Amino acid sequence: MKIIRTVREMKKTLAEFRGSIGFVPTMGTLHQGHLNLVAESLRCNELSVVSIFVNPAQFNEKEDFENYPDNYKSDEQKLKDMNVDILFYPLADEMYQDNYRYKVTESEYSKLLCGLNRPGHFDGVLTVILKFLNIIKPTNAYFGAKDFQQYRLIKEMVAALFLDVEIIALDTVREESGLAMSSRNNRLSPEGMKLAGTMNPLLRKESDLAVIREILEEKNIKIDYLEEIDGRRYIAAKVENIRLIDNVQI
Ligand code: AMP
């Protein structure tokens with residue numbers, strides 16, 4: 001596995017390559033949800049690039065950014081073990097050499113759900129993904145349905161800007177309890193994991209949002225939003241002050 005840290009080397013390495021390129025963007029602390037995306041990329045493309053970049057532009061709270069876990073060495077090993085071709089691990093100074101003066105903004109769907117309580121979050125996501133797509137020029141890029149709003153915004157950005165890349169979503173990978181795997185789960189205590197594990201079964205089984213809200217709030221789970229949009233039910237909630245999200249099709 002080749003590890004690349006600069007945009008220049010990334011572009012140079014891929015310049016002569018004529019086959020299909022799969023791309024999986026991540027913020028690291030890799031779990032089975034990420035590795036599933038990587039496996040699909042490896043299966044469907046001649047060359048696969050995985051990026052690890054904790055994108056400062058998409059964090060609206062400095063503290064959340066600073067507390068985001070970093071497990072680079074074990075991530076690198078996991079990707080090596082899967083025979084990933086290229087790990088792109090860029091520096092924020094280069095990714096944002098413009099000091100983030102240029103950004104991509106979507107003005108409707110990005111203002112709902114995670115956009116409501118995290119102003120600027122999706123500007124950061126869309127901008128960094130556009131940068132990655134321009135650097136790597138992948139044939140296919142893989143995203144998790146766990147972040148469904150993000151997936152939809154990226155897919156629609158690609159259509160709006162006429163980019164030549166297929167945006168593919170894969171199902172959410174879950175713990176046995178139904179809890180969506182997340183790098184943030186590492187920060188929960190065993191009791192917090194248990195508590196968080198009660199969210200998904202409720203989302204699936206209970207038909208009334210008000211009832212779900214009441215049950216979760218009784219357990220001291222603090223709900224950021226709980227909404228249904230276009231046949232999908234979305235939740236963001238804090239367990240032990242860790243913000244977790246999930247969504248299910250209804
Ligand atoms: P992140 O490192 O959280 O930015 O996630 C990188 C990619 O992995 C995104 O496309 C996420 O939607 C996806 N992802 C994260 N957790 C899961 C999961 N539990 N199941 C499937 N995909 C996931």
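Trainee: Which strand does Asn-140 lie in?

Mentor: Strands here are DSSP runs of E with at least two residues, helices are runs of H or I with at least four, and both are numbered from the N terminus. Asn-140 lies in strand β5. Keep in mind that this is a predicted model, where local features need pLDDT of at least 70, side-chain atom pairs count only at pLDDT 80 or more, and totals for chains, interfaces and linings use all residues. Residues are numbered from 1 along each chain as its sequence is written, and side-chain values use heavy atoms, with hydrogens and water left out.

Trainee: Is Asn-140 buried or exposed?

Mentor: Buried means under 20% relative accessible area, exposed means over 50%, and partly exposed is in between (1.4 Å probe, protein chains only). Asn-140 is buried, at 13%.

Trainee: And which side chain does the side chain of Asn-140 make a polar contact with?

Mentor: A polar contact is a pair of N or O atoms within 3.5 Å; within protein, one must be able to donate a hydrogen and the other to accept it, and residues adjacent in sequence count only if both atoms are side-chain atoms. For Asn-140, the partner is the side chain of Asn-45, at 2.7 Å.

Trainee: What about the nonpolar core? Which residues touch the most other members?

Mentor: In soluble globular proteins, nonpolar side chains tend to be buried together. A nonpolar core is a set of buried Ala, Val, Leu, Ile, Met, Phe, Trp, Tyr and Cys residues joined through side-chain atoms within 4.5 Å. The largest one here has 45 residues, and Met-10, Val-49, Phe-88 and Ile-136 touch the most other members. Helix α7 (residues 121-136) gives the most to this core, 10 residues. A second, separate core has 17 residues, including Leu-188 and Ile-242.

Trainee: Now the ligand: which residues come nearest?

Mentor: A residue is near a molecule if one of its heavy atoms lies within 4 Å of it. There are 17 residues around the ligand, and Met-27, His-34, Asp-147, Val-173 and Met-181 come nearest. A polar backbone atom of Met-27 sits 2.9 Å from a ligand oxygen. On the nitrogen side, a backbone N or O atom of Val-173 is 2.8 Å from a ligand nitrogen, and a polar backbone atom of Met-181 is also 2.8 Å from a nitrogen atom of the ligand.

Trainee: Which element gives the largest share of the shell around the ligand?

Mentor: That's α2, with three residues.
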